[in-house]
Amino acid sequence: NTINTQAGQINNREQVAGFFRDTNRKRHGFVWDKGSFQIFNVPNDHVTGGTLGWGINNKGDVVGSFIDSSVNRHGFLLRKGVFTVIDPPGSLDTLAWSINDDGVIVGQYFTDAVHGFILKDGVYTTLDIPNGLNASPNTINNEGYIAGSYDDPTGATHGFITKMGSLDVETRRGNGRASGIGATIIKRERF
C-alpha cells in the first residue's frame, strides 16, 4: 500500500522512473515497465527518507537521490543492479535529476550555495548561471541540451536552456520551472 506516488521521467521505451511512500512513510524508488514495477532502495538508506528515482535513459539507467542513515542526501546512479553514489566535491547535499544515453548526468548540489552540475565520464563540472542563484539543471537530452531553472537576485524563477560544450545559455522568463510554455527569451549570455 502506498500513501503517495510520483513519476519522474519517461524514456523512449515507455519505462518510467519515480518513487512512492509506503504506509510506514518510507520512500522507495521504482521503474514502471509496461504494467510491472521494479522497486529499489539504495542499501542502508534512511528508515523514512529512503530512495527517490527521478531520471531514466533508454538503456534503463536510473538516477535520483537517497537519504542515508545519517540523514545526509546523496545522488545515485542505478545501472544493471549496481548503485553508484553521486556527490560532487564539497557537496553537502546532492540531487541527480536526469541522465542521457551517453551516461551524462545533470543535477544540483548544495554547499554554502546551490549549484548545478554535469557529470560526464567521472568528471564533475559546476553549472552556474551568470547573475543567477540556485541553478537546477533538470534534464538533459541525447543531443546534450540541458534545460532547468534558476533564481535571479530578486527571487524570481527563470528557465534556461544550454548545450554541453557551449558557453551560451538562453534564459527565459516564466512561472516556475523551465517548461518553455509562454516563455520569452529575455537575454542570451556567455558563461
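**Entry 1: the open sheet**

I began with an open sheet of four strands, which follow the order β1-β2-β3-β4 with antiparallel pairing. For my own record, strands are DSSP runs of E with at least two residues, numbered from the N terminus, and two strands pair if DSSP finds at least two bridges between them. At the edges I found β1 (2-10) and β4 (36-40), each pairing on one side only. From one strand to the next, the twist averages 30°; the axes behind such angles are lines fitted to C-alpha atoms, and angles run from 0 to 180 degrees between N-to-C directions.

A note on what I am looking at: this is a predicted model, where local features need pLDDT of at least 70 and side-chain atom pairs count only at pLDDT 80 or more, while totals for chains, interfaces and linings use all residues. Residues are numbered from 1 along each chain as its sequence is written, and side-chain values use heavy atoms, with hydrogens and water left out.

Next I looked at β1 and strand β2 (residues 15-22), which run antiparallel and are joined by six bridges. I checked T5 too, and its bridge partner in β2 is F20.

How many residues of strand β9 (residues 93-99) are buried? I got seven of the seven, so the strand is largely enclosed by the rest of the structure. Buried means under 20% relative accessible area, exposed over 50%, and partly exposed in between (1.4 Å probe, protein chains only).

I then followed β9 to strand β10 (residues 105-110): the two pair in the antiparallel sense over six bridges. T94 stands opposite Y109 in β10. The two strands form a hairpin with five residues between them, and G103 in the turn has a positive phi of about 85°.

**Entry 2: H74**

I found H74 in strand β7 (residues 73-79). H74 counts as buried because its relative accessibility is 15%. Its side chain is joined to that of D87 by a polar contact of 2.6 Å. Such a contact is a pair of N or O atoms within 3.5 Å; within protein, one must be able to donate a hydrogen and the other to accept it, and residues adjacent in sequence count only if both atoms are side-chain atoms.

Leaving aside neighbours within four places in sequence, I listed the contacts of H74 (heavy atoms within 4.5 Å). They include F66, D68, V85 and T94.

**Entry 3: D121**

Last stop: D121 lies in the loop between β11 (114-120) and β12 (123-127). Is D121 buried or exposed? I noted D121 as exposed, with a relative accessible area of 70%. I also looked up D102, 19 residues apart from D121 along the chain, and their C-alpha atoms are separated by 9.2 Å.
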